[in-house]
Amino acid sequence: MAIIEIDNGSGFCFGVVTAIQKAEEEINKSGHLYCLGDIVHNSNEVERLQKIGLETITHDQLSQLHDVKVLLRAHGEPPQTYEVARRNNISLIDATCPVVLQLQKRIRNTYLDTPDDKQPQIVIYGKKGHAEVNGLVGQTQGNALVIESVDEVDKIDFSRNIYLYSQTTKSLEGFKKIVNEIQHRVAHNVQFSSFDTICRRVANRIPQIKQFATNHDVILFVCGSKSSNGRILYEECRRVNPLSYLISNETEINLNWFLGKEHIGICGATSTPMWLMNQVKDYLDAHLNA
């Protein structure tokens, strides 16, 4: 009989929980709500909410709407989005994560409070095109430089003062590598300031999930294909346990993965709903422990 365990540290972070609660509250009142972009990077949860009245829209569609309510998800938005809403008399339900809001404010203040002739180069360690990163870059009127890894450090102008920030869900290890590389390259007369703005809800998950993966024969990591945080955590699982498999739901399970295995672990990203991990566990129980 297989022992199947769900990692109790996996599941939605508080920012996602708040966004979904706000969406469900409004839908319960009015029966319908627009959401700017996927409310969470998990297609199964998005589909669940769509069935009860949440309609996902793009920024182009937002500009065509008037006199409606729109939810802003936890990832945050650039200032232009708020301007469109004001112009079109759109009522915003702002579920931007407080950690992201604070980071936006810090970047905006750095950009606005410095005279043009002393403007530092604002660099963001993050995923290009990611919703949160778009919101951060928007605080600088599109002037911030986004780099995805230490391999892109060459894009930085080392003759200018540098302020380095990070997307909240990026790898702490990756951030430290970039800091070290910049420190080695920056000129003596150039100011370099780095700000560790990674959410500790994400950073603290890494040692915990590595321990969880080590304690099981096989790991099923459940997350959506769009989850940046999920990719980071999955790679950490696979690093300590090669028998780690990435799935979006139970239909992608190959039962041959568990032949001769006794301890099976199920975990997920901060965008993975607990109900989905329970669904995966129920599937395994039905097929391995019947």
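Contact means heavy atoms within 4.5 Å. Helices (H or I, at least four residues) and strands (E, at least two) are DSSP runs, numbered from the N terminus. The model is predicted: local features need pLDDT of at least 70, side-chain atom pairs count only at pLDDT 80 or more, and totals for chains, interfaces and linings use all residues. Residues are numbered from 1 along each chain as its sequence is written, and side-chain values use heavy atoms, with hydrogens and water left out.

**View A. Helix H9 packs against helix H10.**
In H9, the contact residues are Arg205, Ile206, Ile209, Lys210, Ala213 and Thr214. They meet Ile232, Leu233, Glu236, Cys237 and Val240 in H10. H9 spans residues 205–214 and H10 spans residues 228–240. Their axes come within 8 Å and cross at roughly 40°. H9 is therefore oblique to H10. Axes are lines fitted to C-alpha atoms, for helices over the stretch in contact, and angles run from 0 to 180 degrees between N-to-C directions. Angles under 35 degrees count as roughly parallel, over 145 as roughly antiparallel, 65 to 115 as roughly perpendicular and the rest as oblique. The H9–H10 crossing is right-handed. A crossing is left-handed if the near helix is turned anticlockwise from the far one by less than a right angle, and right-handed if clockwise.

Cys237 is buried, with a relative accessible area of 0%. Cys223 is buried too, at 4% relative accessibility. Buried means under 20% relative accessible area, exposed over 50%, and partly exposed in between (1.4 Å probe, protein chains only).

**View C. The largest nonpolar core.**
This core has 17 residues. Val153, Ile156, Ile162, Leu164, Ile178, Ile182 and Phe192 touch the most other members. Strand S6 (121–125), strand S8 (162–166) and helix H7 (172–185) each supply at least two core residues. H7 gives the most, with 4 residues. A nonpolar core is a set of buried Ala, Val, Leu, Ile, Met, Phe, Trp, Tyr and Cys residues joined through side-chain atoms within 4.5 Å. Not counting residues up to four places away in sequence, Phe192 touches Ile162, Leu164, Val179, Ile182, Gln183 and Val186.

**View D. Helix H5 beside helix H6.**
The axes of H5 (residues 98–112) and H6 come within 8 Å and cross at roughly 30°. The two helices are therefore roughly parallel to each other. Val100, Leu103, Gln104 and Ile107 of H5 make the contact with Glu132, Gly135 and Leu136 of H6. The crossing of H5 and H6 is right-handed.

Beyond four places in sequence, Thr140 touches Ile107, Tyr111 and Ile122.

**View F. Glu148 in the loop between S7 and S8.**
Glu148 is partly exposed, at 32% relative accessibility. Leaving aside neighbours within four places in sequence, its contacts are Tyr125, Gly126, Lys127, Lys128 and Lys170. Glu148 and Lys170 are 22 residues apart in sequence. In space, C-alpha to C-alpha, the two are 9.3 Å apart.
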